[in-house]
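Please look at the sequence and the model below. The text that follows goes through selected contacts, strands and cores in turn.

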Amino acid sequence: MEEGEIEEQQELTQPRVGSLHSDAERYLEAYQVFLEKCESEEETTKRWLLEEGPGLVARCKVPAKTSFNVLGMGSGAGHFDAIILHAVLEKYGQVFCRVVEPREEDIDQFKHLVENDERLKTVAFEWHQQTDEEYFEQTFNDDTKFHIVHAIQLLYYVDDLAGCIKHMYRQVAEGGILVIIHLSEKTGCSNLMKKMSKFIEDEDEQTPYRTTAHIKEVLDKLHLQYTTDRLNVNTDITECFVPGSETGILLLDFLTHTPHFTDTVDPEDQKEITDYIRGPECAVEQDGTILFNNSSEIIVIQKLADDLN
């Protein structure tokens with residue numbers, strides 16, 4: 001193999017800045033570490049759903065003698081769905097839930113959750129092991145409507161953000177709601193995403209760097225009204241700055257969305273990025289602990305009329 005061909009092959013196999021979503025195994029490993037260090041992002045979301053779930057259900061206009069339909073997009077193992085469904089079951093006896101989740105392992109865990117919850121056993125489930133694109137293609141002519149459609153931390157990697165939001169909204173019943181929980185545009189995470197954009201050569205790698213600003217831009221173009229709320233969450237990233245820490249290495253992978261960040265990114269670029277991560281635009285230091293701001297925002301859109309063609 002010629003020298004030029006060798007260099008070209010190395011470039012093809014070199015992990016790209018922002019390409020963590022293309023390495024499923026590394027992504028899951030890094031994401032798990034991120035969750036462990038996160039200041040109870042899952043618990044904060046659960047708490048919000050427990051407190052606000054009954055109010056969300058009450059906002060839905062459901063005709064008499066019909067089932068209450070719920071659509072979970074990217075439901076994972078079903079922990080958030082279960083809270084929403086419990087709130088629905090407090091008011092409605094007939095409940096249907098369609099679950100869309102591409103990972104078989106997560107669907108199996110969700111089914112196990114249902115098997116061990118007597119109340120959830122009364123819900124009629126329909127399981128779709130599919131990506132959002134596959135699901136919307138399959139159900140394009142499906143006239144089933146849902147009183148709650150929820151997408152919790154889903155919209156980072158969808159290829160067509162506007163198309164996905166349109167499809168979800170079209171499946172909301174008149175009087176129903178679409179609930180989106182996503183990274184807020186006003187966080188250290190958002191600032192880091194803007195900083196990281198200068199290091200990304202491939203425009204296709206921009207999709208992980210979405211915030212609620214991008215979602216609101218789509219909603220505004222569609223002339224959809226919405227309300228917002230905030231989930232304040234910090235992540236302990238102290239180990240990112242401990243030399244040789246495997247936890248810190250995986251955290252940096254997740255924060256930068258770059259597999260093997262410390263091994264593959266140019267040292268000068270690494271320093272610029274890690275200095276920024278530690279700086280006031282992204283984090284605060286308290287008693288020797290570095291806390292990275294990665295708060296989420298809740299967007300709720302109520303469908304008062306079937307106003308999207």
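Lys216 and Glu297 are both buried, where buried means under 20% relative accessible area, exposed over 50% and partly exposed in between, with a 1.4 Å probe and protein chains only. The two residues form a salt bridge whose closest N and O atoms are 2.9 Å apart. A salt bridge is counted when a side-chain nitrogen of Lys or Arg is within 4 Å of a carboxyl oxygen of Asp or Glu. This pair connects distant parts of the chain, with Lys216 in helix H9 and Glu297 in strand S10, 81 residues apart. Helices (H or I, at least four residues) and strands (E, at least two) are DSSP runs, numbered from the N terminus.

This is a predicted model, in which local features need pLDDT of at least 70 and side-chain atom pairs count only at pLDDT 80 or more, while totals for chains, interfaces and linings use all residues. Residues are numbered from 1 along each chain as its sequence is written, and side-chain values use heavy atoms, with hydrogens and water left out.

The protein has 12 helices and 10 strands, and buried residues make up 50% of its 309 residues. Among the contacts (heavy atoms within 4.5 Å) with a separation of 6 or more, 81% are between residues 24 or more positions apart.

How many salt bridges are there by this rule? The count comes to 18. Arg26, Glu29 and Asp253 are linked in a network of them. Arg26 pairs with Glu29, the closest N and O atoms being 3.8 Å apart; the two are three residues apart in helix H2 (residues 24-37), and so are separated by about one helical turn. Glu29 is partly exposed, at 38% relative accessible area, whereas Arg26 is buried at 9%. Arg26 also forms a salt bridge with Asp253, with 2.6 Å between the closest N and O atoms. Because Arg26 lies in H2 and Asp253 in helix H10 (residues 246-256), this pair ties together parts that are 227 residues apart in sequence. Both Arg26 and Asp253 are buried.

Strand S10, which holds Glu297, is next. Seven of its seven residues are buried, so S10 is largely enclosed by the rest of the structure. Ser296, Ile298, Val300 and Gln302 point one way from S10, and Glu297, Ile299 and Ile301 point the other way. S10 runs antiparallel to S5, with seven bridges joining them, and antiparallel to S6, with five bridges. Two strands pair if DSSP finds at least two bridges between them. Leu183 stands opposite Ser296 of S10, and the bridge partner of Thr227 in S10 is Val300.

Trp48, in helix H3, is in contact with Ile298, and also with Gly53, Leu56, Asp229 and Leu231, leaving aside its neighbours within four places in sequence. The C-alpha atoms of Trp48 and Asp229 are separated by 9.6 Å, although the residues are 181 apart along the chain. Trp48 is buried, with a relative accessible area of 8%.

The largest nonpolar core has 33 residues, and those with the most contacts inside it are Phe68, Val88 and Phe125. Such a core is a set of buried Ala, Val, Leu, Ile, Met, Phe, Trp, Tyr and Cys residues joined through side-chain atoms within 4.5 Å. Elements that each supply at least two residues of this core include H3, S1, S5 and S10, and H4 gives the most, with eight. Apart from this core lies another, of 31 residues, among them Met196, Phe199, Leu251 and Phe261.

Is Glu101 buried or exposed? Glu101 is buried yet has no salt bridge, and the nearest side chain of opposite charge, Arg103, is 5.4 Å away. In this count Lys and Arg are positive and Asp and Glu negative, while His and the chain ends are left out. Glu101 sits in the loop between strand S2 (95-100) and helix H5 (104-115). Its side chain reaches the backbone nitrogen of Gly76 at 2.9 Å, and that of Arg103 at 2.9 Å.

Most residues other than glycine have a negative phi. Lys65, in the loop between helix H3 (41-59) and strand S1 (68-73), has a positive phi of about 65°. Lys65 is exposed, at 87% relative accessibility. His223 also has a positive phi, of about 60°, and is exposed at 65%.

Methods
Polar contact = N/O pair within 3.5 Å; in protein donor to acceptor, adjacent residues only side chain to side chain.
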